[in-house]
Amino acid sequence: MTLEFTDRIARIPVYPAAGGYAQQEPLVRLASNESPYPPLAEVREAIEHALGTLNRYPDPTNALLRARLSDRYGVPATRIAIGNGSCDVLLAAGEALLEPGAELVYAWPSFSIYPHLSAASGARAVTVALDSEDRHDLPAMLREITVATRLTVVCNPNNPTSTALPLADIAAFVAEVPPHVCVVIDEAYCEFNLLDDPDASVALLDRHPNLVLLRTFSKVYGLCGLRVGFALCGSEDLPRAVDQVRQPFFCNALAQAAAVEALAHQDAVEERVTRTIAERLSVDERLRALGLDPAISQTNFCWFQLGEDRDEAEVMSGLEERGVLVRGGGALGRAGALRVTYGTPDENERFLEALAEVL
Ligand SMILES: Cc1ncc(COP(=O)(O)O)c(C=O)c1O
């Protein structure tokens, strides 16, 4: 007898995570848009301190972290949801909002977790192609919103294409979306976006109770190994609903302690952003010198087409043979492209040398 799983299990796609995590040898890991910089000394100290409390459950209300986020963003703590990574908040929002008969609107290619939202809930996914510059086509997304739409997700800046829309466009979109639709702006990479002040979107929350800004400690804060993210919300409804559908204690004690400490070091965040942007400028210039045409990145990664005469899998395996891991566009919604995280100057040099050899 084999186990009988639900139809839902047959529907849910396997998340296309990058490989290489089990390998011990030093690799240049540019496949998952992680920070190349280890956690700050103060953050490590906070984690070590919290180790002594691991015989206790973590604070299920995440009170200190929500209070610090509330101080930083001026959003009441009751309108802040914490998650085991920001994906956890997003998937819980999907569970709370979506069901058969409901609709979800998002762009494609975009973040690989979004297809899980419809597959897990039985809601209908409506995907909208990016525009000619690989940015969200917000007017086209608006046209897809119906009375059945419960959720729309805008990834700004967008993964995997690295492009962003100005806040004015996002604000105009949110103003047009009917109030029964939850608008999630996934801002995982907002700190690297030079188009606007990364925190300017927070002001929109006061005008739109249906708005959710999804943020993470996984990228610029360099804490993806601990899994902690958050959502700043326009009302208390979504934080309440996502807590209803999840197990208690979803955010572990070390993650809470690390996130609280990390927030206190915005100078280090700014410094890391500056370093990443310097690498962004230099890597993109070198890519152009190789005859490639990277998208205008507002993130910690670049995205470029390889060209018709080149095979994505061959280029990827050539890079891997040289110890460099990147992501191929095929797994991310567009074959023939590469998505490459900006690493340290040394890592980027190794990537560029390997790429030049392989091409
Ligand atoms: C657009 C986007 N949102 C969210 C996440 C997930 O972040 P977390 O680690 O907080 O779950 C990622 C991770 O790559 C991402 O690219």
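Here's a quick tour, starting with the ligand and moving on to the backbone.

This is a predicted model, where local features need pLDDT of at least 70, side-chain atom pairs count only at pLDDT 80 or more, and totals for chains, interfaces and linings use all residues. Residues are numbered from 1 along each chain as its sequence is written, and side-chain values use heavy atoms, with hydrogens and water left out.

**The ligand**

Around the ligand there are 13 residues, and S86, N159, Y189, T216 and S218 are the closest (a residue counts if one of its heavy atoms lies within 4 Å). That shell splits into five nonpolar, five polar and three charged residues (Asp, Glu, Lys and Arg are charged; Ala, Val, Leu, Ile, Met, Phe, Trp, Tyr, Cys and Pro are nonpolar; the others, Gly among them, are polar).

| Residue | Polar atom from | Distance to a ligand oxygen |
|---|---|---|
| T216 | side chain | 2.5 Å |
| Y189 | side chain | 2.7 Å |
| C87 | backbone | 3.0 Å |

On its own the ligand has 400 Å² of accessible area, and the protein covers 93% of that (Shrake-Rupley method, 1.4 Å probe).

**The backbone**

A cis peptide bond links W108 to P109, with omega about 0°. Another one joins N159 and P160, at an omega of about 15°.

N33 isn't a glycine, yet its phi is positive, about 55°. N33 is also buried, at 0% relative accessible area (buried means under 20%, with a 1.4 Å probe and protein chains only). S162, not a glycine either, has a positive phi of about 75°, and S162 is buried with a relative accessible area of 0%.

Technical notes
Polar contact = N/O pair within 3.5 Å; in protein donor to acceptor, adjacent residues only side chain to side chain. Buried < 20%, exposed > 50% of the residue type's maximum accessible area, 1.4 Å probe, protein only.
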